[in-house]
Amino acid sequence: MCLIACETAISNRALAAVLLLAACCTVTPALAQQPIQGGIALEERPITLEQLEQEALSGNLGVLIAEEQTRIAVADKSRARAFVWPEIGVESRLIRSTDPVFAFGTKLRQARFTESDFELDPLNDPDPIENWSSQIDLRWGVLSPTRWTALSAAGEAVRSAEFASVRTREETLFRARELYLRAIRASAHRVAAELAEEAASATAERFRRRRVQGLLTEADELQAEASFATARAMRVESQRVELESRQRLGSFLGWESEVLPVPMDTLVVPAPMVKQPFDADARSDVRSLEAAWRAASAERRRATLAFVPAIDAVGAIASHSEDPLSSESTDWSLGVVLRWPAFTGFRRSAERDRARGEERIARGLYEQARRDAEIEVDQAIRAVMTAVERFEATAVARKAANASTELMRRRFEEGLATPAELLMSEAQLSNTRGQAIDALAAYHIAVARVELARSQVGLEGVP
């Protein structure tokens with residue numbers, strides 16, 4: 001698929017408007033008032049964008065789960081590999097019996113059979129006899145095709161888990177960065193709301209003086225009071241949104257609920273996006289699904305090889321005695337065992353059909369992920385281009401609204417503008433200020449999403 005390869009840059013018009021955005025996008029590092037949760041003051045902890053990566057990877061639950069899943073896959077591989085080593089078992093037992101067969105065999109094993117033991121009465125009705133036996137059994141199933149294919153499947157499952165863990169870390173860093181930017185955006189909106197409230201208060205006071213002078217009506221004053229009350233309500237709401245956005249960031253980082261992160265960075269224009277080649281097969285989530293497909297293929301081969309006989313080497317060393325502290329006789333045996341379940345009630349056929357279905361599913365997921373990755377990169381790049389245009393437009397609108405409001409205030413003082421025109425101009429300024437903040441934050445998030453979408457990892461790029 002042809003991807004959009006471009007290098008975006010901010011136009012001179014937008015760059016000229018950056019200084020006008022600074023007033024509403026540069027925020028104080030703390031809330032306007034001490035945050036309270038459940039009647040308890042929250043502890044504010046400053047955090048920078050550089051510190052965010054370490055905090056996100058060390059405290060996020062998703063990263064912890066991904067790492068543990070990788071360890072589980074490694075443990076499963078170790079378990080599947082155990083067959084390459086001989087299996088050794090140790091057994092020790094004490095038996096006392098008057099069973100004729102046991103008595104006869106025990107005397108033979110203990111090497112204390114005499115001529116008197118051939119008499120009929122002792123043979124038919126022996127005295128109680130004890131036998132202490134210790135045995136070491138050995139079984140080595142290294143010549144089992146199904147075990148080797150199971151080991152191959154387990155190895156691919158480890159690779160799949162490792163690449164999935166890499167993708168989890170990448171997505172965690174993106175999500176942490178997104179929440180961080182949203183917290184900054186919320187703080188910028190709070191500052192903008194405070195500026196709008198101050199402006200509305202000044203306008204209301206200006207209208208009050210004019211009404212006292214008889215230059216305005218009571219209706220004009222009430223409209224200004226309504227605008228001031230609306231601005232105050234928006235400021236209160238912005239404080240709530242800012243607090244909740246920081247709480248979400250802290251929870252994602254794994255911080256205690258009593259600790260509130262305070263982003264120390266501000267919204268500035270991102271660096272221009274550079275052109276980069278993209279290979280869908282080199283993305284960690286695609287690599288993970290590819291390894292999962294290979295693991296499913298190995299499982300399908302294992303199910304097929306279940307029809308093939310397997311050979312085990314077996315051996316044993318045993319000692320027999322009346323006294324547990326001594327060994328009167330030691331025997332050994334060594335041989336091979338051919339194992340072939342001739343008929344299993346069609347279980348092997350069902351397992352093979354199941355494995356084939358799982359392989360087809362795994363392959364389909366991998367191929368779909370490749371296509372989705374290419375589309376995702378294409379859409380992410382296009383989203384950045386759109387974010388740039390939106391940012392430029394809002395920057396120009398912010399500049400024009402600021403100049404228009406200043407002019408309208410002078411015209412109102414000179415009696416050349418009506419109260420409704422001034423209130424409308426200030427409302428438009430507040431609106432464009434908020435749109436500028438949203439556009440710049442969306443620009444940052446779009447750039448971060450592109451970095452996530454086209455991230456690459458080598459075959460050895462796993463921890």
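Good morning. A residue is called buried when its relative accessible area is under 20%, and exposed when that area is over 50%.

Let me begin with the overall picture. The protein has 463 residues, of which 39% count as buried. Its secondary structure consists of ten helices and eight strands. The accessible surface comes to about 25,400 Å², and carbon and sulfur atoms account for 56% of that area. If we take the contacts between residues at least 6 apart in sequence, 85% of them join residues at least 24 apart.

How confident is the predictor? The mean pLDDT of the protein is 87, and 89% of the residues reach 70 or more. Among the elements, helix α8, residues 284-305, has the highest mean pLDDT, at 96, whereas helix α1, residues 12-25, has the lowest, at 40. Over residues 1-29 the pLDDT stays under 50, although the model has 74 contacts beyond four places in sequence for this stretch. Where pLDDT is low, the predicted coordinates should not be read in detail.

I turn now to the interior. In soluble globular proteins, nonpolar side chains tend to be buried together. Here the largest nonpolar core holds 40 residues, and those touching the most other members are L52, L253, L267, V384 and Y443. Two or more residues of this core come from each of α2 (49-59), α6 (145-212), α7 (218-252), α9 and α10. Another core, of twelve residues, lies apart from it, and includes A224, F228, A417 and L423. To return to L52, its contacts beyond four places in sequence are I47, A176, R177, Y180, L249 and L253.

Two single residues deserve attention. Is A439 buried or exposed? Because its relative accessible area is 0%, A439 is buried. This residue is placed in helix α10, residues 419-453. Beyond its neighbours within four places in sequence, A439 is in contact with R390, F391 and T394. From A439 to F391 there are 48 residues in sequence, yet their C-alpha atoms are 5.0 Å apart in space.

Where is F346 placed? F346 is in the loop between β8, residues 329-339, and α9, residues 347-413. The relative accessible area of F346 is 60%, so this residue is exposed, since the cut-off for that word is over 50%. The backbone of F346 also calls for a remark: phi is near 65°, a positive value in a residue other than glycine.

Thank you for your attention.

Conventions
Residues are numbered from 1 along each chain as its sequence is written. This is a predicted model: local features need pLDDT of at least 70, side-chain atom pairs count only at pLDDT 80 or more; totals for chains, interfaces and linings use all residues. Side-chain values use heavy atoms; hydrogens and water are left out. Helices (H or I, at least four residues) and strands (E, at least two) are DSSP runs, numbered from the N terminus. Buried means under 20% relative accessible area, exposed over 50%, partly exposed in between (1.4 Å probe, protein chains only). Contact means heavy atoms within 4.5 Å. A nonpolar core is a set of buried Ala, Val, Leu, Ile, Met, Phe, Trp, Tyr and Cys residues joined through side-chain atoms within 4.5 Å. pLDDT is the predictor's confidence in each residue, from 0 to 100. Accessible areas come from the Shrake-Rupley method with a 1.4 Å probe; for residues, only the protein chains shown count as cover.
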